[in-house]
Amino acid sequence: MKARRNKKQVPSFRKLLKTSKVKLENKLKNKQFKQQSTLKKYRKEQRKLRQAVKDAVSKKQMPLEDPKKIRPGKRIEREEEEEEEALPLDMMDADDLQLMRDLGQRASFLTRDLSSSEPVHVKKRKHERVIDKYEKIPRTLQTAPEKELIHLLPIKDKSGIIPQTREKPVIDSKQDEEEEEELELEEEIVEDPIRELTLEEHLIERRKKLQEKKMHIAALASAILSDPESNIKKLKELRSMLMEQDPDVAVTVRKLVVISLLELFKDITPSYKIRPLTEAEKSTKIRKETQKLREFEEGLVSQYKFYLENLEQMVKDWKQRKLKKSNVVSLKAYKGLAEVAVRSLCELLVALPHFNFHNNIIVLIVPLMNDVSKSVSEMCCEAVKKLFKQDKLGQASLGVIKVISGFVKGRNYEVRPEMLKTFLCLRIKEIEVKKDTEDINKPKKFMTFKEKRKTLSRMQRKWKKAEEKLERELLEAEASESTEKKLKVHTETLNIVFVTYFRILKKAQRSPLLPAVLEGLAKFAHLINVEFFDDLLVVLHNLIESGDLSYQESLHCVQTAFHILSGQGATNEGVEILLQCLDVMLTKRRKQVSQQRALAFIKRLCTLALHVLPNSSIGILATNRILMHTFPKTDLLLDNESQGSGVFLPELDEPEYCNAQNTALWELHALRRHYHPTVQSFAAHLIAGAPSEGSQALKPELSRRSAAELFQTYSMGAMTFNPPVQSSSSKKKSEVLQGDLFLNEDLNQLIKRHCGEVTTHLPLDFAKYLKTSLR
């Protein structure tokens, strides 16, 4: 049988290059040490052989008798024989010398050739010499390469253990030379200095790389969108690009991947929460379609989780400002990456409130609402407001409110007021709750007994009755469950909101959060339990009396107090809040307002309209118009005659006793000459008695709007007039009036006579006239 060829390929020189330099040096040292030890062993054996031959030749033959018992007569003969034996070899006979050499060949094991593997007591031919035996050992040429043996695992059979060895393959010298030449060429190529790119070439190269990355991102995203269940594994490939290591395009590519993954998750995420499978469900046999759906859901949840962790890490890197070992992204780029990550988290907070890990997103977003960076803080606050506005069930809103309340308390109420202003966007109103409930559970009409008898048979009526009974039970169960669940969530949310508000009113009355608290109480005051009304009104009164509040904060307190009693809400500031308060206090409660109080407020409001901007004046005059319609007898303020005794006291705190009936609305005449045309129209309308018809009546676009709406419509926030001010165009006069038309006829003739005289040019002598004047 042919020997089995060695299938193991000889390692090339290129593969050996991949090995570390230290390993190659160790291999070379081991090989040299092995050769040296073999050569040293061979030399030692030859040295022992030569020493054995020398000892055999010069060794003395000891007698068998005890030398101490030799007779004295023969001692002399013995000494003579020793002297003869001590003679040098040159003085011995040839036969004696040959005999001694033969005896040396039959000596002990010291004379044996150690390189041989023959046993000691082997019969040897007579007169065989050591040199002849040495000559019989096969020799190898120096040019033959030294072969090394590789020891393999031994084989065991009946005869015993059989060692297995194999020769180590020898590398061809020609191949080594070629590989050495290639290595030298490579070294020469590497050693060449790399040409530095110019700025323009670098930008072109970066643009090219960036375009390739964009195409790759687009291809992956398109494949995932076309068939999400089959290509869910490509999400991992796309997410791995978040670790882009090319410093030229790393920041841009990571931003693009973050936005692409955001849009992908918004599109392919189902409208339900994916729960983990139980052990029983995993062990149950299912169809291929179900198995495919499960794999898609598991992969989606896993990649979504890793994506959120990547976004969180980007924000942490920006906060900690620690440079990574890779040094791919600079510290300056951390903020840009973090803003993109925060924007993605905000969109996921709003778009996927029903999906997994929503509470984790809330925990990340809420601290960022109080961030030092204004852009990041506003971004997060706007996302929370948007979530509150579109959350009908209230479950997601409840989670956000819990985290915000705990965060505000943990920071000892030292947070941005914008965090508490987001509470104003909560959809917690009794009317909206009832409306939503009715929309979801519309009552279904069932057929009457007469209709069934006319249209259905007996068997059909029987089946119809059972079907309607089942439908009623299902509708009742669904309606009661959804309504109770929604009311429960809204109640819990409101409790947390009011607890936060009351803590700030009690412990942080001088905090900048107070305006937001008062505004929130004004919005949700009608939902507060009646038991807290007295305590809350006392707190509001004490805040106003303390004098620490600004005028807006005081108005918020007033607005809150009246909304607690009226059950209405408002969300504006400044003058608009004042208009809301007046509407609630006077118009909505007109049966509890006396005529004296109405006269006092109309007079004070007209005075105030002279000192504010045009939009505020329009809102105040619109409020006076409504009051004059609500209280018709207030038209006596348009008459100069006084009613009764007393003098008007404008600085009196009590409006009932300020004698407002003895004054007049002279402010309207000043407002009639106002530079704003709409203010002029309102002033003229009120002077005429606020008629509903006639030439002095208001236009429909002014009369049908409330005071708050007019305040917003004519706002000066954009630094423009509404309507715009018309530019005055200069008109050319057709006729120019002559000056002589205004003079007397005699005077005109005198002027003409003097103008017609011939003037004589005389030399000017100022000294002459000066002397004359002095005389």
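Residues with a relative accessible area under 20% are termed buried, those over 50% exposed, and those in between partly exposed. In this predicted model, lysine 266 has a relative accessibility of 29% and so counts as partly exposed. Lysine 266 forms a salt bridge with glutamate 347, with the closest N and O atoms 3.1 Å apart. Lysine 266 belongs to helix H9 and glutamate 347 to helix H12, so the bridge ties together parts 81 residues apart in sequence. Glutamate 347 is also partly exposed, at 28%.

The whole structure holds 14 salt bridges. Another of them joins lysine 603 and glutamate 667, at an N to O distance of 2.8 Å. Lysine 603 sits in helix H24 (residues 595–609) and glutamate 667 in helix H26 (residues 667–672), so this pair ties together parts 64 residues apart in sequence. Both partners fall below the 20% cut-off. Lysine 603 is buried, with a relative accessible area of 4%. Glutamate 667 is buried as well, at 1%.

Salt bridges with shared partners join Lys209, Asp246 and Asp248 into one network. Within it, the side chains of aspartate 246 and lysine 209 meet at 3.3 Å, N to O. Aspartate 246 lies in the loop between helix H8 (234–240) and helix H9 (250–268), and lysine 209 in helix H7 (residues 199–226); the two are 37 residues apart. Lysine 209 is partly exposed, at 23% relative accessible area.

Charge also gathers on the surface. A positive patch comprises Lys40, Arg43, Lys44, Arg47, Lys48 and Arg50. Of these residues, arginine 43 is placed in helix H2 (residues 21–58).

Six aromatic pairs were found in the whole structure. The ring centres of tyrosine 304 and phenylalanine 357 are 6.2 Å apart, and their planes stand at 40°, so the pair is tilted. This pair links distant parts of the chain, 53 residues apart. Tyrosine 304 is in helix H11 (residues 288–320), while phenylalanine 357 is in the loop between helix H12 (332–351) and helix H13 (358–368). Tyrosine 304 is buried, at 0% relative accessible area. Phenylalanine 357 is partly exposed, at 24%. Both rings belong to a cluster in which ring pairs link Phe265, Tyr304, Tyr307, Phe355 and Phe357.

Phenylalanine 498 and phenylalanine 502 form a stacked pair, because their planes are at 15°; the centres are 6.0 Å apart. Both residues lie in helix H19 (residues 458–507), four residues apart, about one turn of the helix. Phenylalanine 498 is buried, at 8% relative accessibility. Phenylalanine 502 is partly exposed, at 29%.

Notes. Residues are numbered from 1 along each chain as its sequence is written. This is a predicted model: local features need pLDDT of at least 70, side-chain atom pairs count only at pLDDT 80 or more; totals for chains, interfaces and linings use all residues. Side-chain values use heavy atoms; hydrogens and water are left out. Rings of Phe, Tyr and Trp (its six-membered ring) pair if their centres lie within 6.5 Å; planes under 30 degrees apart count as stacked, over 60 as edge-to-face and the rest as tilted. Buried means under 20% relative accessible area, exposed over 50%, partly exposed in between (1.4 Å probe, protein chains only). Patches are made of residues with over 30% relative accessible area and no salt bridge: like charges are joined within 9 Å, nonpolar side chains (Val, Leu, Ile, Met, Phe, Trp, Tyr) within 5 Å. Accessible areas come from the Shrake-Rupley method with a 1.4 Å probe; for residues, only the protein chains shown count as cover. A salt bridge is a side-chain nitrogen of Lys or Arg within 4 Å of a carboxyl oxygen of Asp or Glu. Lys and Arg count as positive and Asp and Glu as negative; His and the chain ends are not counted. The place of a charge is taken as NZ of Lys, CZ of Arg, CG of Asp or CD of Glu.
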